[in-house]
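Let us walk through this structure one part at a time, beginning with a helix and what surrounds it, and then turning to a site named in a database record.

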Amino acid sequence: MNPSNPSLPNIRIGQGFDVHAFGDGDHLMVGGVRVPHERGVLAHSDGDVALHALCDAMLGALALGDIGRHFPPSDPQWEGADSRAFVRHCSRLLAGQGWRVGNADITVICEKPKIGPHAPAMRAAIAEDLDIALDAVSVKATTTERLGFAGRGEGIAAQAVCLLVRA
């Protein structure tokens with residue numbers, strides 16, 4: 001229990017989801033890593049679905065709104081922004097309220113590109129930005145068996161869940 005308020009637990013759980021359509025480009029940013037691909041994504045920032053889903057999970061765990069509230073696409077300062085900065089910002093927001101990410105689990109949903117070869121670098125980048133142990137970050141991928149927009153190769157999605165613990 002929370003010593004300052006015994007009715008509140010010392011953990012919170014958040015979940016997030018993000019999707020971007022493919023567009024012009026020669027790479028994707030996924031999990032903070034540049035992944036070669038024959039397409040880019042249509043997005044205001046760098047369009048990193050994994051990190052956007054993670055930010056939404058972090059913010060949601062403390063009922064702080066969503067990534068669009070903190071980094072609105074209507075604000076030109078976020079055009080082309082590095083989503084790793086979003087993760088670090090969200091981490092600072094959590095710390096300001098006495099929380100930190102205990103662990104994060106992210107699933108990237110796409111037919112291509114293959115995420116597995118890049119997952120170790122993604123985990124390392126995320127662990128660094130959250131200042132947590134590498135074994136507290138999971139990045140994995142799945143396909144939709146060629147069903148839906150992801151299966152047709154029209155875009156990429158990610159979902160994330162995180163556990164927050166008292167700092």
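The buried residues of helix H4 are covered by elements that include strand E2 (27-30), strand E3 (33-36), helix H1 (49-61), helix H3 (83-96), strand E5 (99-109) and strand E6 (137-142); helices (H or I, at least four residues) and strands (E, at least two) are DSSP runs, numbered from the N terminus. Among the residues of H4 that are buried are Ala119, Met122 and Leu130, where buried means under 20% relative accessible area, exposed over 50% and partly exposed in between, with a 1.4 Å probe and protein chains only. After H4 comes Asp131, with a positive phi near 55°.

The model is predicted, so local features need pLDDT of at least 70 and side-chain atom pairs count only at pLDDT 80 or more, while totals for chains, interfaces and linings use all residues. Residues are numbered from 1 along each chain as its sequence is written, and side-chain values use heavy atoms, with hydrogens and water left out.

For "binding site", an unreviewed UniProt entry lists Asp18, His20 and His52, in the numbering used here, with feature names shortened and annotations that may be inferred rather than shown by experiment. They span 35 residues in sequence, yet no two of their C-alpha atoms are more than 10.3 Å apart, so they gather at one spot. His20 lies in strand E1 (residues 11-23) and counts as buried at 13% relative accessibility, whereas His52 is found in helix H1 and counts as buried at 7%. Leaving aside residues up to four places away in sequence, His52 touches Asp18, His20 and Phe86, among others, contact meaning heavy atoms within 4.5 Å.
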